Amino acid sequence: MPRECLVCGRRLGAKEEHLCLYCAVDLPMTYFWERAHNPMADQFNALLEQMRQAETEEGDVGRVDEAEWGTDNDTGARERMEYARACALMFYHHENPFKHIPKALKYDGNIKAGRYYATMLGRKMAESGNWGDVDLVIPVPLHWFRRYRRGYNQAEVIAKAVARELGARFRSDILCRKHRTKSQTKLDAAARLRNVQGVFGVKKRCAATHVLIIDDTFTTGATLCACYFAVRQAFGPNVRISVATLAVVQA
Ligand SMILES: [Zn+2]
């Protein structure tokens, strides 16, 4: 098969991988891994706060069982105050041909390209020195039937590569997706939140200090938000939780 640039379709030379040299230098990188506060993290934390408020009003969403974890009020307060970190390798815009990179992994089975850019993300995170305490990397789970049909979970491909670069453990058996959800592509932010609420369950628990949850693309953050609360339930209030994706949608 002739090798072509994922972005512009140009025939690749022997030394070019996935992208031609012209597209490679134009990769729309976010540099969010260098900044604890960035637009993606702000958006994610606003969503977490919105969910926590809904929880106090309604009762159950994302509640950490304090009796079970034996926490005092102090650590509970820390959980509520923590600003979660978030980063992505590149920007995603539907009119920008660079969207073909995450799409190649998600829809075209191009696992090699996914692994290549996930490794790039992991390396940038490691080099920044901001993610050195991450000791566990967890992919957003697919429903088992969807994983069976696709043959792989794109978030798992990314999470494995990032874990390797950060020198952290990779575990895909901590969370599960309890039921299948509608495709989110046509839903707005509020509908996405409703679509994923309570979808993730905890299968196993293990010790960790800083858990990094990985997905392929950050759109509204709804899926990662639902995962965040499941991970919080699995690990308790003292564990730091961050998120990272290959791409972040630019509004
Ligand atoms: Zn190109």
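Two residues are in contact here if their C-beta atoms, placed from the backbone, lie within 7 Å.

Before the tour, some housekeeping. This is a predicted model, so local features need pLDDT of at least 70 and side-chain atom pairs count only at pLDDT 80 or more, while totals for chains, interfaces and linings use all residues. Residues are numbered from 1 along each chain as its sequence is written.

Let's start with the whole chain. There are ten helices and seven strands; these are DSSP runs, with helices being H or I of at least four residues and strands E of at least two, numbered from the N terminus. Along its principal axes, the C-alpha trace spans about 60 × 40 × 30 Å. A compact globule of 251 residues would have a radius of gyration near 18 Å, and the chain agrees, because its value is 18 Å. That radius is taken over C-alpha atoms, and the globule rule is 2.2 Å times the number of residues to the power 0.38.

How much of the chain counts as buried? The figure is 39% of the 251 residues. By buried I mean 20 or more other C-beta atoms within 10 Å of a residue's own; exposed means 12 or fewer, partly exposed is in between, and the C-beta atoms are placed from the backbone. Among contacts with a separation of 6 or more, 77% join residues 24 or more positions apart.

Now to helix 6, residues 111–128. Helix 6 has 18 residues and reaches 26 Å from its first C-alpha to its last, close to the 26 Å expected at 1.5 Å a residue. The expected span is 1.5 Å times one less than the number of residues. Its buried residues are Ala 113, Gly 114, Tyr 117, Ala 118, Leu 121, Gly 122 and Met 125. As a reminder, an α-helix has 3.6 residues a turn, so residues three or four places apart point the same way. What do the buried residues of helix 6 pack against? Their partners are strand 1 (86–92), helix 5 (100–106), helix 8 and strand 7 (240–249). Just after helix 6 comes Gly 129, with a positive phi of about 80°.

Let's look at one of those partners, helix 8. Two packed helices are described by the angle between their axes and the distance between the axes. Helix 6 and helix 8 (residues 154–166) pack at about 40°, with axes 8 Å apart. The axes are lines fitted to C-alpha atoms, for helices over the stretch in contact, and angles run from 0 to 180 degrees between N-to-C directions. By class, the contact has ten nonpolar, four polar and four charged residues. Here Ala, Val, Leu, Ile, Met, Phe, Trp, Tyr, Cys and Pro count as nonpolar, Asp, Glu, Lys and Arg as charged, and the others, Gly among them, as polar.

Arg 115 counts as partly exposed because it has 16 C-beta neighbours inside 10 Å. Leaving aside neighbours within four places in sequence, Arg 115 is in contact with Val 157 and Ala 161. Arg 115 and Lys 160 are 45 residues apart in sequence, yet 8.4 Å apart in space, C-alpha to C-alpha.

Next, helix 10. Its 14 residues, 222–235, should span 20 Å at 1.5 Å a residue, and the end C-alpha atoms are 20 Å apart, which agrees. Helix 10 is mostly covered, with 13 of its 14 residues buried. Gly 236 follows, with a positive phi near 85°. Helix 9 (residues 189–196) packs against helix 10 at about 35°, axes 8 Å apart, and this crossing too is right-handed.

His 18, at about 65°, sits in the segment before helix 1 (21–26). His 18 counts as buried because it has 21 C-beta neighbours inside 10 Å. Tyr 31, near 60°, lies in the loop between helix 1 and helix 2 (39–58). Is Tyr 31 buried or exposed? Tyr 31 is exposed, because 11 other C-beta atoms lie within 10 Å.

Terms used
A crossing is left-handed if the near helix is turned anticlockwise from the far one by less than a right angle, and right-handed if clockwise.
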